[in-house]
Each structure stands twice: as structure tokens, then as C-alpha cells.
Amino acid sequence: MNTITTTEALAAFCAEAAEHPYVTVDTEFLRERTYYSILCLIQLAYPGNGDENAVLVDPMADTLSLDPLYDLFRDESVVKVFHAARQDLEIFAVDAGVIPKPLFDTQVAAMVCGHGDQVGYETLVRKVARASLDKSSRFTDWSRRPLTDAQKKYALGDVTHLRKIYEVLAAELERTGRGAWVEEELAVLTDPETYRTRPSEAWQRIKTRSNSGRFLAIVKELARFREGYAQSRNIPRNRVMKDEALLELASTKPTDMKDLGRSRLLLREARRGEVAEGILSAVKAGLETPEDALPEVPKNGNDKLQVNPALADLLRVLLKARSEETGVAQKLIASASDLDALAGGRRNVAALRGWRAEVFGNDAVRLCEGKIGLAANGQKVRVIEV
């Protein structure tokens, strides 16, 4: 099993890969003790059989630069194939500002091709590649060297079987004309904004039941401090303070170290030093936020909807029928909140855009407007004009 540890060897492999229509890619990383992922291993393969034309790249080697790989990622004549690419792409976007293009995500393609919702790689290996995976090295410390033969075999399997899976799914998309559907789904993954984490926006990920502008202002400032501190120290945000502690502090509004010491949920390390000072400053900033600058709870598109329950049930029947007809997972076509929004009269929903409108959304609107009905035809449901 070939392991690349020098820039020259990586450049040679990437030059060979550039002569082929695609390259499969996977990574192994650690993130339990850091804010940013630690890239430990990269697996690459271009068309071939077994371990042929497949390599492991050791990014932890002092003699290696990943520049040749990033050049390959920018080469638009070669499709870069991943499975469930989100975390892999984040590593490259953060480390080098590079997002591989063109991109193919076999998990997304599998959902479009009727393999279910968020199908796992192991399932595709078994069903599509007609092979099996050795799972013994799934939970392992990929930062330790040397890697064992079992680790290497496991890691290579993540890209060697991916070749067959890609070829089968790509052919299916070509046959069904659904390639554009996958491209729509990949737009978020290829958008650099997806991988930018701004401390000022961190509060929007915190679940809170309060609509109080002042409370939210304190939450916002505490989340801003936590995110910035975690980024600057490269530690997990929960090592600074957990969400539960942050919400407690927003409620109790400590103004000095004595108040801070009364917290039930704050980590002991956060009750002193820079973290404690940062917390108190954040609370102060939240309390001093002008009334006209207080944040509002991000609006849920279905807030205060007057949902017609009978219509919502009909939409679910239509969705189930279209899912069975197309072989596409229901959750990928329309979410439960999409259905409720449609039944409540909303029209700014994802199910009414792009390929989803063609498959489901257009008829969903016609159903809501009373222009079509649904009829049972044996085990199937069909649309009838009204």
C-alpha cells in the first residue's frame, strides 16, 4: 500500500490522476480536542481495480506540501468524487481556501437515484459495489504514526470502492436525466460561505425559547466571545462553555466575579482568568446594547401559520406518491415544515424551487388551490383534474 510522504511523489500522482476523468477522495481527521479539524490522512484513487492507482497521502509528514493536490482540485477537467463531502470540504476550504471543482457527492447522488435518505457509504459498498468493508479500524487515532496495515487497508477502501459507486451512480443520473438535480444540491457544498464561521453570527445556532430582545443580546455577545476565543485558541467551543451554561449566564446576567461564581453550569476553568473576564465583558455589552439594535429570534417560516390539517394530510399523500414514482427519498423532495407551510398558504419554500417543483411542488400548489385532486388506483395514488 503506497503512502506518499513527499511533495514530489504527490505531484507525480496528481499528474497521473489529471489524465483521467475523475479522482475519488476521502480524509481521516481528528476534531475532538480542537476547533479546527486536524487533517491526518488523505486517500486518493483514479480509475482502476482493487488497490491499483490508489494511494494514501500523509499530510503530517514534514516533507510534504499539499499544493499539488490543490492544483488538482482546481483542475476542472477532473471530477472530484467524495461521499458525504461536507466535513472533508471544510478542511480544504479552511486550510487553503480551496473547494474542489467539479464536485460529485455520492451520498447526494444516491438519494436522487433512489437509495434512501442520507445513505451510508458502507451500504453503497454492499449494494452497488457488491463488496464489504473491514470496519475494525473505524474508530482509531489517525494522528498516530506509524499507521498499521489494518488502518491503511480500511482507509484505502474509502476510495477504491468509491470508484465503482461513482461510475454506477453517474450512469444512472445520465440515464434518468437527473444530473442537474444533483448539481442543485451541491450548490451549498461548493459555496465558500458554507465554511465561514463568523463569531457575530454564532448565536443563531443556539436554541432558546425566549423572545426577549435583551436576553438575546446577551446570548449574542456571549456566543460571539465564545466563538472568537475558541477560534483563537483552536479549542472546541464547549471547552469554553456549553450552550446550557451560556443560556444560564444570559438569564442571571453576572456583573462581577462573585456573581459568576454562583453559576451552576459554568466550567470551573471559566470562572477565572481570560474566560471569566470575557464573559463579564460580553454580558455588559449585551446589557448596554441600544434598544434599536436588539436582535430578534430568527423567524421560522412556519411561525403563526394557520395550517389546514386536512390539506397538510393530502400533501403528505401526494409527496409519498411522488417519492414512490421517482424513487427519491421523501425528505429530499420536501420537509415536514415545507408541507405545513404550503398548507398554511406560504409559497416561499424549497419544495417550490428547481427540480423539486417539477417533481412535487407544482402539483402541490395546484392541490392547495383546488385545481387537482387525488384518487386511489389500487395500491397507487393518481392525480385527477378538478
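Predicted model: local features only at pLDDT ≥ 70, side-chain atom pairs only at ≥ 80, totals over all residues.
Local features were taken at pLDDT of at least 70 and side-chain atom pairs at pLDDT 80 or more, while totals for chains, interfaces and linings use all residues. Residues are numbered from 1 along each chain as its sequence is written, and side-chain values use heavy atoms, without hydrogens and water.

The protein chain divides into domain 1 (2–195), domain 2 (199–293) and domain 3 (301–385), with bounds from an automatic or database domain assignment. Between domain 1 and domain 3, the C-alpha centres are 35 Å apart. Their contact (heavy atoms within 4.5 Å) draws on 11 residues from domain 1 and 12 residues from domain 3. Interface size is often given as the accessible area lost when the parts come together. Here domain 1 and domain 3 bury about 870 Å², 59% of it on carbon and sulfur atoms; this buried area is the accessible area (1.4 Å probe) that two parts lose on being put together, summed over both.

Helices, numbered from the N terminus, are DSSP runs (H or I, at least four residues), as are strands (E, at least two). Helix 7 (residues 179–186) and helix 16 (residues 354–368) cross at roughly 125°, their axes coming within 8 Å. The axes are lines fitted to C-alpha atoms over the stretch in contact, and angles run from 0 to 180 degrees between N-to-C directions. The two helices, helix 7 and helix 16, are therefore oblique to each other; angles under 35 degrees count as roughly parallel, over 145 as roughly antiparallel, 65 to 115 as roughly perpendicular and the rest as oblique. W181, E184 and E185 of helix 7 meet G354, W355, R356, E358 and V359 of helix 16.

Turning to the second pair, helix 8 (residues 213–233) packs with helix 10 (residues 243–252) at an angle of about 135°, with 9 Å between the axes. Helix 8 and helix 10 are therefore oblique as well. On the helix 8 side the contact involves F215, I218, V219, L222, A223 and R226, and on the helix 10 side D243, L246, L247, L249, A250 and S251.

Some loops carry backbone features worth a look. K101 and P102 are joined by a cis peptide bond with omega about -10°, and P102 sits in the loop between helix 3 (86–96) and strand 6 (103–105). Another cis peptide bond links R145 to P146, with omega about 0°; P146 belongs to the loop between helix 5 (121–127) and helix 6 (149–176). N53, although not a glycine, has a positive phi of about 60°.
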